[in-house]
Amino acid sequence: MPGVNALAWALPALPGACGALLSVTGRRGDRVAPAAALAVTAATLALAVTAAVTRPRASVALFAGLRAELAVDGLSAVLVITVSAVALAVLVFAAGEIHEARARFFGLMLLFVGAMLATVTATGLAPLLMAWEVMGAMSYALIGFWWRDGDRVRSATVAFVTTRAGDLGLYLAAGCALAGTGTLDLAGLAAAPRPWRDLVAAGIVTAALGKSAQLPFSFWLSRAMAGPTPVSALLHSATMVAAGAYLLLRVQPLLAATGWAATLAAWIGALTALLLGAVALAQRDLKQLLAASTCAQVGFMVLAAGVSAVAGGTAHLVAHAAVKNLLFMGAGAWLSALGTKDLAELHGAARRHRLVGVTFGVGALALAGLPPLSLWVTKDAVLSTVAERSAALHVVALAAAFLAAAYAARAGFAVWSPRDDATRDDTERSGTRRVGLLAGLPMPPMAFVAAVAGVVGVPVVFTAWRALLGTGPEPGPEGGGLLLSGALAVAAALAVRGRRLAAPRTLAGWLYLERGAVAVVWRPVTSLARALARFDDRVLDGAVRGVSRAVTVLAGWSRRGDETGVDGAVRGLAAGAARLGALLRRPQTGQVHTYFAQAAVVLVLLALVIVLVR
Amino acid sequence: MLSVVVFLPLVAAAALAVWRRPGPRAVARTWIAVSAADLLLVVWMWTRYRGGIAYETRARWIPSVGAGYHVGVDGLSLPLLAMTALLFLVCAVGSLRGTRRAGPYAALFLALETVCLGLFAALDLLLFFVFFDLSIVGMYFVIAGWGHGDHLRSALRFFLYTFLGSLALLLGFIGLYLGSRPRTFDMTDLTRNPPLADAPGTAALVLLAVAVGLAVKTPSFPFHTWLPPAHTDAPAAGSAILAGVMLKMGTYGFVRIAMPMLPGAWQRYAWVFVAVGVVGALYGALVALAQDDLKRLVAYTSVNHMGYVVLAVGAAGLVAGDARAGELAVSGAVTQMVSHGLVTGALFLLTGVLWDRVHDYDLGRLGGIAGRAPVFAGLTAVAAFASLGLPGLSGFIAEFQIFAGVIGTGSPGAVAAGALAVIGVLITAALFLRVLHRAFLGPPGELTPRVTEMRPGELAAVTPLLAASLVIGLFPRWLLDVIEPAATAVVSLVSR
């Protein structure tokens with residue numbers, strides 16, 4: 001049925017096209033932008049639900065013999081609904097938060113959402129890469145939304161360049177997929193012969209780690225905080241960082257087929273969950289804490305892809321999207337109302353704005369993995385498979401879960417503790433002292449999802465979930481594991497309660513990852529660039545200048561030789577050289593037409609010679 | 001038909017030349033009308049094009065050396081003809097205001113349009129060479145007559161360097177002629193019966209001569225040093241034509257002449273082109289990264305982008321490689337020629353806007369332009385993202401095909417080359433974002449107060465180029481349907 005299949009195009013195209021239109025209207029569109037964007041996002045959500053039911057599939061010729069196809073299967077169905085629902089919540093929040101250049105803001109956000117929708121429905125590497133990179137560019141534009149501030153622009157640049165460094169992996173993967181399988185289909189990658197399979201896996205894993213801000217790319221996500229809060233709320237939950245985890249879950253058969261790639265992904269995911277969890281615990285700034293926690297939580301999804309826990313990883317992705325979206329909205333609401341996002345200065349914030357406080361509290365408890373909230377279950381759905389695979393990995397993951405509970409509890413305690421000497425308002429900007437209706441509206445439904453999404457762990461539901469995603473057997477959340485991680489979460493929460501943490505500088509500074517990347521990659525590259533530029537000016541161009549000088553000098557000598565009149569052979573040689581010199585000197589007087597005329601004559605002579613020779 | 005397209009601008013140029021003191025408005029109107037008519041004719045030709053060599057005309061010219069007036073279009077030349085006609089039209093539109101000596105300027109550009117169109121239409125080596133050389137002469141006068149800065153010196157350097165290159169090319173052409181049986185300069189005949197098939201040593205020398213000639217024009221590393229000064233000191237429209245159209249003469253020569261006429265030699269030395277391409281792509285990107293002069297920076301990105309093209313045509317010659325991947329690479333190379341013409345043309349016209357306002361290209365003295373000229377900043381951002389290969393714009397369509405095709409050939413060396421060259425995409429991203437950061441965003445700079453918003457004429461010049469890039473980026477099939485059969489033909493010719 002063509003009508004149904006057109007839905008596959010309409011789903012990303014609707015927000016994409018409307019977003020593009022909106023972002024070029026400039027000031028004129030500012031008034032209608034929020035309403036238009038909300039209408040479009042609501043329609044997109046409706047399309048997403050329809051697509052999840054009807055499962056459209058549509059393709060178009062892109063390059064010779066290579067088609068671009070968008071299709072909605074089980075995994076995509078879950079993702080498109082998650083993405084559009086989170087987007088709707090974020091845009092409602094943004095309608096109450098963003099009051100400047102609204103057409104540009106909402107236009108870019110819609111484009112961002114459209115790109116993510118295309119990313120999760122693409123069945124081949126070409127459309128995937130296209131959507132993937134557009135998403136990166138939109139994140140650049142949104143992080144640098146307040147472009148008059150040079151630091152924010154720099155942050156946006158760092159974010160884009162870092163994620164694009166990972167994206168190079170997808171270019172490599174596309175070429176190797178073509179060499180190995182003759183197509184770019186994601187589904188066929190696992191069947192590619194060696195070494196292509198390994199190269200494709202290496203490329204895809206690199207790209208996914210970059211996009212998902214896993215080690216060693218994590219630092220860009222800290223930079224991404226320079227954007228407005230709604231951008232963070234979207235970027236950290238259902239787009240951008242989620243895209244990397246999604247891609248790894250999507251190509252899990254490929255990772256498993258190579259063996260090493262699955263192990264690598266699992267370990268990087270687990271280590272990111274552990275180390276960035278520690279980084280999160282060490283932050284004083286609420287948004288930075290949330291950012292590091294995103295890296296850590298996405299680490300569990302990457303770990304899930306590595307150990308073939310696709311159903312568990314996907315459940316964690318969805319539940320985390322709701323939780324993180326909620327937490328960022330809360331942090332953003334307080335930043336607007338109270339003018340600060342410092343954890344100590346926010347003491348008492350939850351009691352001053354109860355709606356935000358309660359929903360944020362639910363989010364923080366869920367993030368901590370406290371029973372019976374969502375992430376407790378979904379994380380264990382991953383951990384139960386990890387336990388089967390490797391004890392070492394399991395220990396690391398449990399430690400990461402402990403840290404997750406600690407940092408989440410720290411954030412929760414900070415805002416719920418009573419006002420004290422540390423409480424301060426307006427240290428970052430002047431607050432409005434109120435949380436608007438629109439800003440508060442999406443919080444309760446998100447808190448509800450964050451609380452109850454754990455229902456996916458009920459064995460019957462989990463079996464249905466696996467059937468929906470079409471994944472192989474995996475244990476799902478188990479009693480013993482749930483008990484253990486629940487107890488760990490409670491212990492961690494109690495451990496951080498009322499305790500002032502002396503954070504090592506390394507952790508507070510995000511493990512100095514950015515400094516490391518600048519020192520190891522960026523500085524050498526710029527030095528090389530400057531050296532090459534000097535080489536270009538002095539050596540290459542210098543050689544050209546040298547040759548022309550040498551010819552002129554040679555011509556001068558030959559002329560002298562010619563004038564003093566030595567023997568005939570020398571004179572002939574000199575005359576030839578002199579003519580060459582004259583030829584090169586003449587244009588220097590500006591008489592180029594003469595020179596060209598001579599060349600034309602030579603050309604005719606040559607032609608004549610050729611004719612005679614023939 | 002094709003001859004009308006080619007020579008219509010020349011006729012108009014002659015009319016402008018003999019016209020006694022035309023007013024600047026009359027000149028502008030004539031210039032735009034003729035360019036627009038020419039573009040419409042090319043579009044009309046495109047709509048009626050059905051594959052193969054079309055609109056062919058053969059006439060006797062110099063029968064004694066087997067050279068004729070032979071023109072025609074196929075899937076390689078048609079997109080370039082269209083891009084050339086569009087670029088000349090927008091240059092006409094963009095040069096409406098404030099051009100000194102408008103009459104001769106318009107006549108010169110119209111004559112150059114004939115030369116450029118003629119080169120892409122030529123199916124005879126001598127005809128090709130004549131247009132190749134005349135383009136150098138025409139551009140020399142554009143830079144010398146209407147440039148700024150140290151323009152006389154730059155023009156002279158440009159002329160001598162590229163003229164020397166064209167002499168190498170002529171030597172190669174004579175070699176091809178002498179190697180053919182029966183002797184001819186006709187490209188279709190030379191393609192059908194490749195000369196020097198039984199003399200690999202001579203064929204290698206001829207390929208060397210042809211390749212050096214074309215590499216100077218492209219320009220490939222290490223023959224590119226004429227490019228930055230020529231661009232920096234040329235008027236905006238001159239730079240746009242030089243980068244947009246004239247650089248393509250070199251790369252077009254590779255796919256039109258070197259590959260199909262010297263297939264054996266090309267296969268044997270394909271590695272050289274792959275290596276030169278990779279080095280050029282990375283070198284151009286890195287040197288561009290170190291520039292503080294916006295126009296020099298854009299000029300060096302041309303070295304980078306043309307490096308991809310050379311890499312692609314080199315990889316297509318690898319015998320061991322997969323033919324389908326080779327076709328993808330060549331198709332990407334031709335797409336890149338069109339895309340680079342549009343995008344770099346737009347970038348140079350935009351730097352022209354900057355020069356018009358502040359008479360400087362120094363990134364260090366600019367900043368926060370978006371506040372004073374949001375449309376200017378927005379269009380520059382779009383052009384920058386197109387140039388760094390963002391999907392949705394034409395650069396990606398070209399570069400993805402090139403990388404996927406080069407790596408997809410499957411030979412280990414090509415995979416390594418492709419993997420290295422793809423780093424260029426990252427460096428161009430860094431350098432263009434740096435331009436946006438330093439000049440267009442952030443706090444205002446020293447010269448920023450003098451920047452004003454783009455005028456309607458400037459908008460009308462830049463927007464069509466970026467719109468075309470966007471259309472190709474989103475809906476590439478209409479272009480690729482023309483290019484792909486020709487790319488397939490080139491690959492089958494080179495793998496003989």
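**Figure 1. Helix α19(B) and the glycine that follows.** B:Gly442 comes after α19(B) and has a positive phi, near 75°. The model shown here is predicted. Helix α19 of chain B covers residues 423–440. At 1.5 Å a residue, its 18 residues should span 26 Å. The end C-alpha atoms lie 25 Å apart, which agrees with that expectation. Of the 18 residues of α19(B), 15 are buried, so the rest of the structure largely encloses this helix. Confidence can be given for the chain as a whole: chain B has a mean pLDDT of 93. In chain B, 100% of residues reach 70 or more.

**Figure 2. The annotated region of chain B.** An unreviewed UniProt entry carries the annotation "domain: NADH:quinone oxidoreductase/Mrp antiporter transmembrane" for residues 122–419 of chain B. In the model, residues 122–419 of chain B are 79% helix and 0% strand. The end C-alpha atoms of this stretch are 36 Å apart.

**Figure 3. The contact between chain B and chain A.** Chain B contributes 58 residues to the contact, and chain A contributes 49 residues. On the side of chain B that touches chain A, helix α17 (residues 394–408) gives the most, with eight residues. Sorted by class, this side of chain B has 39 nonpolar residues, 13 polar and six charged. The model scores ipTM 0.94. Its pTM is 0.91.

**Figure 4. The domains of chain A.** The domain assignment divides chain A into domain 1 (1–123), domain 2 (230–504) and domain 3 (542–613). Taken over C-alpha atoms, the centres of domain 2 of chain A and domain 3 of chain A are separated by 78 Å.

Figure 5. A:Met301 sits in helix α13 of chain A, which runs over residues 286–306. Is A:Met301 buried or exposed? A:Met301 is buried, because 33 other C-beta atoms lie within 10 Å, and 20 or more are enough to count as buried. Leaving out residues up to four places away in sequence, A:Met301 touches A:Ala245, A:Leu249, A:Gly313, A:His316 and A:Leu317. A:Arg352 is 51 residues from A:Met301 along the chain. The C-alpha atoms of A:Met301 and A:Arg352 are separated by 35 Å.

Methods. Residues are numbered from 1 along each chain as its sequence is written. Chains are lettered from A and ligands numbered from 1 in the order in which they are written. This is a predicted model: local features need pLDDT of at least 70, side-chain atom pairs count only at pLDDT 80 or more; totals for chains, interfaces and linings use all residues. pLDDT is the predictor's confidence in each residue, from 0 to 100. Two residues are in contact if their C-beta atoms, placed from the backbone, lie within 7 Å. Helices (H or I, at least four residues) and strands (E, at least two) are DSSP runs, numbered from the N terminus. Ala, Val, Leu, Ile, Met, Phe, Trp, Tyr, Cys and Pro count as nonpolar, Asp, Glu, Lys and Arg as charged, and the others, Gly among them, as polar. The expected span of a helix is 1.5 Å times one less than its number of residues. A residue is buried if 20 or more other C-beta atoms lie within 10 Å of its own, exposed if 12 or fewer, and partly exposed in between; C-beta atoms are placed from the backbone. UniProt positions are given in the numbering used here, feature names are shortened, and annotations may be inferred rather than shown by experiment. Domain bounds come from an automatic or database domain assignment.
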